[in-house]
Amino acid sequence: MTVRSNDSAPDLSSKDPNWWRQAVIYQIYPRSFADADGDGLGDLRGITQRLTHLATLGVDALWLSPFYPSELADGGYDVDDYRDVDPRLGTLDDFDALAREAHRLGLKVIVDLVPNHSSHRHAWFAEALAAAPGSPARDRYVFRDGRGEHGELPPTDWQSVFGGSAWQRVPDGQWYLHLFTPEQPDLNWANEQVRADFRTTLRFWSERGVDGFRVDVAHALVKDLSEPLRDLGDPELSSSEALDRLPAGSHPFYDRDEVHEVYRDWRKILDAYTPPRMAVAEAWVPGVRRALYARPDELGQAFNFEYLQGGWDAARLREIITGSLADAHAAGASATWVLSNHDVVRHATRLVLPPGTDTDAWLLAGGHAPAVDAEAGLRRARAATLLMLALPGSAYLYQGEELGLPEVADLPTEVLQDPIWEQTGHVRKGRDGCRVPLPWTTEGPSYGFGDSGAWLPQPPGFAAYAVEAQDGAEGSTLELYRTALRLRRKLLAGEELHWATDAPAGVLRFDRSDTWRCVTNLSAEPVDLPPGEVLLTSAPLADGRLGPDTTAWLGR
Ligand code: GLC
């Protein structure tokens with residue numbers, strides 16, 4: 001395979017302030033990556049020991065999901081202390097060693113910031129519970145009296161994302177707001193102490209050498225808390241998916257215009273470092289409103305969940321890609337692409353579920369109805385990944401996708417840890433099926449994850465996906481990712497994409513520059529390849545033609 005060098009490739013060296021605009025970022029879910037101390041739970045030292053995996057994979061950065069002290073009521077997104085490490089995962093010294101080693105290997109480090117809510121074990125919440133209604137300690141959260149004759153009804157009809165009322169009553173009769181679990185009380189962003197404390201947290205990690213932040217539920221921080229609090233009228237409007245049914249900026253807790261002030265304030269802090277610290281918003285907000293979070297004077301990037309939800313349909317994907325690029329461009333941001341993360345069914349499985357499948361019902365049926373063809377899923381996932389990696393902007397990978405891991409849909413209900421299972425009264429199994437610890441070796445108690453078992457059981461089929469099984473194996477998914485990332489680094493140029501006007505139906509074809517062309521066949525029939533030297537394909541060509549569910553990269 002010949003690869004032409006490209007002089008205009010972006011500078012990904014440590015000082016480039018724009019290193020993130022077209023970076024590949026690898027998400028680590030720390031509890032499921034590697035377990036150095038053998039307690040069954042992944043830890044920071046485990047990550048440090050395995051960093052060479054990321055360096056040889058060829059990613060630019062790693063993003064660590066929360067590793068802070070936590071009760072794990074929501075997998076670590078319930079933070080007790082924003083400026084410390086969970087003792088089960090290590091110490092601040094272990095974090096420093098991780099960051100040092102990552103930087104030595106040329107990898108940037110991004111941490112997760114969870115500003116919408118703390119854990120109920122946070123010192124502030126303990127203070128709030130001990131203090132009287134109306135006190136300054138309660139004002140850091142959202143406490144209100146209930147409705148009804150004795151205040152026995154929640155203050156509003158707002159629903160939690162995980163099911164049930166978003167309000168929880170405390171012994172003195174008041175209620176507090178929790179958009180997620182009751183163990184995750186929402187912070188009050190109208191309170192100056194809350195704002196000041198997060199500035200301190202941003203500086204704390206920036207000074208420890210962190211290169212950027214992923215901002216959890218970035219669209220929810222600022223609420224309309226003017227009295228009287230207003231009902232939504234329809235519980236379904238509590239979901240961010242219903243945002244496009246309401247006038248922009250009018251939802252009482254999602255995507256309010258005032259939230260952008262918070263990010264403009266943060267950008268000043270992040271820009272005080274060299275290079276400026278990057279940030280990416282997790283904002284489940286449709287289209288152009290989402291791009292606002294990514295403006296240069298705010299966070300810089302926002303995850304593109306429309307692409308993740310786009311399925312495997314050429315016309316729809318083309319529309320989403322074009323729209324996302326236009327939105328990002330209008331905001332002065334670079335686009336982002338993601339196919340898998342710790343909250344969704346892995347794409348090696350999801351992409352072959354029939355369109356419209358209710359994934360909750362499918363998971364409840366143990367992944368059996370409808371049945372999934374794992375081989376077809378992997379073929380599609382590989383094609384989808386090469387397509388994603390050819391798009392202008394940053395690609396976010398989720399640990400294990402480089403191994404082609406499928407969703408573990410048949411986890412027995414007694415091992416489930418996701419609060420969604422209990423909070424929905426056993427209607428939704430939740431997200432554990434994409435959080436099963438990684439297989440590193442083909443044998444051993446947890447396939448090399450650690451010396452003992454794993455906190456979620458790995459199915460025997462995981463052995464075939466292990467890093468050890470795929471390392472150096474021709475045609476393996478791991479080698480495909482490695483080759484693709486190496487090539488991408490060489491081919492990257494500009495942030496432009498030019499669609500071919502003569503691609504057949506069901507085929508996506510575009511040029512990135514005068515050196516790089518990508519074609520994906522989403523139709524059921526083989527198609528002819530466009531002109532160009534074949535650099536890489538996601539599956540072998542069929543008599544020189546591009547088979548169904550296959551992507552090719554070509555030089556021009
Ligand atoms: C984000 C996280 C998810 C978590 C939720 C509450 O959506 O990705 O895992 O449950 O926020 O913090």
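I checked confidence first: the protein chain of this predicted model averages a pLDDT of 95, pLDDT being the predictor's confidence in each residue, from 0 to 100. 97% of the residues score at least 70. Residues 1–13 stay under 50. For that stretch I noted 28 contacts beyond four places in sequence (contact: heavy atoms within 4.5 Å).

Ground rules I kept: residues are numbered from 1 along each chain as its sequence is written, and side-chain values use heavy atoms, without hydrogens and water. As the model is predicted, local features need pLDDT of at least 70 and side-chain atom pairs pLDDT 80 or more, while totals for chains, interfaces and linings use all residues.

Next, the ligand. I found 14 residues around the ligand (a heavy atom within 4 Å). The closest are Asp74, His117, Asp216, Glu282 and Asp343. By class, I logged seven charged, four nonpolar and three polar residues in this shell.

I then looked up distances from polar side-chain atoms to ligand oxygen atoms. Aspartate 216 has one at 2.8 Å. Histidine 342 has one at 2.9 Å. For arginine 431, an N or O atom of the side chain is 3.0 Å from a ligand oxygen. The protein covers 96% of the 300 Å² of accessible area that the ligand has on its own (Shrake-Rupley method, 1.4 Å probe).

Last, salt bridges (a side-chain nitrogen of Lys or Arg within 4 Å of a carboxyl oxygen of Asp or Glu). The structure holds 40. One of them joins arginine 21 to glutamate 495, with the closest N and O atoms 2.8 Å apart. Arginine 21 sits in the segment before strand 1 (24–28), and glutamate 495 in the loop between helix 15 (477–491) and strand 12 (498–499), so the pair ties together parts 474 residues apart in sequence. Helices (H or I, at least four residues) and strands (E, at least two) are DSSP runs, numbered from the N terminus.

Terms used: A polar contact is a pair of N or O atoms within 3.5 Å; within protein, one must be able to donate a hydrogen and the other to accept it, and residues adjacent in sequence count only if both atoms are side-chain atoms. Ala, Val, Leu, Ile, Met, Phe, Trp, Tyr, Cys and Pro count as nonpolar, Asp, Glu, Lys and Arg as charged, and the others, Gly among them, as polar.
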